[in-house]
Amino acid sequence: MTAAPRVLLDTTVSTTDEMSALGARLAGVLRAGDLVVLTGPLGAGKTTMTRGLGAALGARGQVSSPTFVLARTHPTTAGPDLVHVDAYRLSDPVELDDLDLDWDGSIVVVEWGRGFVDGISDDVLDVEIVRATGGDTADPERAASAAPLDPDDVPDEPRRVIVTATGPRWADVTL
C-alpha cells in the first residue's frame with residue numbers, strides 16, 4: 001500500500017534566481033532512483049528549476065529543455081546521473097518506456113510527466129508550478145498552439161510552487 005501524498009512545501013517563488021535556488025534545495029534531498037515530476041504551463045520555470053538542481057549536483061553539460069531530443073543524461077560530480085526528460089511531445093506513456101531510461105541508477109526529472117510516469121515508481125516527488133499571470137494554461141492542447149518559450153526569456157513574476165511527495169521514500173524527508 002502506498003502512503004498518502006504529503007505536501008512537503010507550498011511556497012511562492014518570485015524570480016528565476018529563486019526558482020533555480022529551489023531546484024538546488026531539492027537536489028539536497030535527491031538520490032539515485034528518485035523520480036521528480038514537474039508540472040506547469042510553458043514558461044513556468046520547470047527547466048529553470050532543473051538547471052538549479054543540475055548545478056547543485058554538479059551536472060556536466062548545459063541543462064536545457066530536452067523538448068526536441070526528449071531526454072538528456074547529465075553525468076554529475078555528486079553521484080548519480082541527472083536524467084532530464086520532456087514528455088510534452090509524447091502521445092503515450094509507452095513512448096516514455098521506449099526511451100530506456102536508467103530509472104534506478106539516476107535521478108530522473110520529467111517535465112510534463114503527469115499521466116506518463118504512473119506505475120514507474122511508488123515514490124514520486126511531484127512539483128507543480130502555478131504561474132498566475134502572463135502564461136499559458138497547463139492544458140497541453142492550448143499550450144501546443146503557443147510558441148515555445150525559453151525559460152530565460154520569461155520575465156520574473158511570482159509563481160506558486162507545491163511539492164508533494166508520494167510513497168515511503170519521502171516519509172521522513174523535509175524541505
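This is a predicted model: local features need pLDDT of at least 70, side-chain atom pairs count only at pLDDT 80 or more; totals for chains, interfaces and linings use all residues.
Residues are numbered from 1 along each chain as its sequence is written, and side-chain values use heavy atoms, with hydrogens and water left out.

Helices (H or I, at least four residues) and strands (E, at least two) are DSSP runs, numbered from the N terminus. Just after α2, Gly58 takes a positive phi of about 75°.

Nine of the twelve residues of α2 are buried, so the helix is largely enclosed by the rest of the structure. Among them are Lys46, Met49, Gly52, Leu53 and Leu57. The buried residues of α2 pack against α1 (16–27) and against the strands β2 (35–39), β4 (81–86), β5 (106–111), β6 (124–131) and β7 (159–166). Contact here means heavy atoms within 4.5 Å. Leaving aside neighbours within four places in sequence, Leu53 is in contact with Ser20, Gly23, Ala24, Leu26, Ala27, Leu30, Leu82 and Val109.

In soluble globular proteins, nonpolar side chains tend to be buried together. A nonpolar core is a set of buried Ala, Val, Leu, Ile, Met, Phe, Trp, Tyr and Cys residues joined through side-chain atoms within 4.5 Å. The largest such core has 27 residues, of which Met49, Leu53, Leu125, Val127, Val161 and Val163 touch the most other members. Two or more residues of this core come from each of β1 (6–13), α1, β2, α2, β5, β6 and β7. The largest share, four residues, is given by α1. Apart from this core lies another, of 17 residues, which includes Leu35, Val37, Leu70 and Val83.

The strands may be followed next; two strands pair if DSSP finds at least two bridges between them. Strand β3 (residues 71–74) and β4 are antiparallel, with four bridges, and Val85 in β4 is the bridge partner of Ala71. Six residues separate β3 and β4 in a hairpin, and Gly79 in the turn has a positive phi of about 135°. Strand β4 also runs parallel to β5, to which six bridges join it; here Val85 stands opposite Val110 in β5. Five of the six residues of β4 are buried, so this strand is largely enclosed by the rest of the structure.

Strand β6 is likewise mostly covered, with six of its eight residues buried. Five bridges join β6 to β2, and these two strands run parallel; Thr39 has Glu128 in β6 as its bridge partner. With β7, by contrast, β6 pairs in the antiparallel sense over eight bridges, and Ile129 has Val161 in β7 as its bridge partner.

The loops also deserve attention. Most residues other than glycine have a negative phi, and most peptide bonds are trans. Asp100, in the loop between α3 (93–97) and β5, has a positive phi of about 55° although it is not a glycine. At 68% relative accessibility, Asp100 counts as exposed. Trp112, which is also not a glycine, has a positive phi of about 60°. Trp112 is buried, with a relative accessible area of 13%.

The structure holds one aromatic pair. Rings of Phe, Tyr and Trp (its six-membered ring) pair if their centres lie within 6.5 Å; planes under 30 degrees apart count as stacked, over 60 as edge-to-face and the rest as tilted. The pair of Tyr88 and Trp112 is tilted, at 4.8 Å centre to centre and 55° between the planes. Tyr88 lies in the loop between β4 and α3 and Trp112 in the loop between β5 and β6, so the pair ties together parts that are 24 residues apart in sequence. Tyr88 is partly exposed, with a relative accessible area of 25%.

Methods
Buried means under 20% relative accessible area, exposed over 50%, partly exposed in between (1.4 Å probe, protein chains only).
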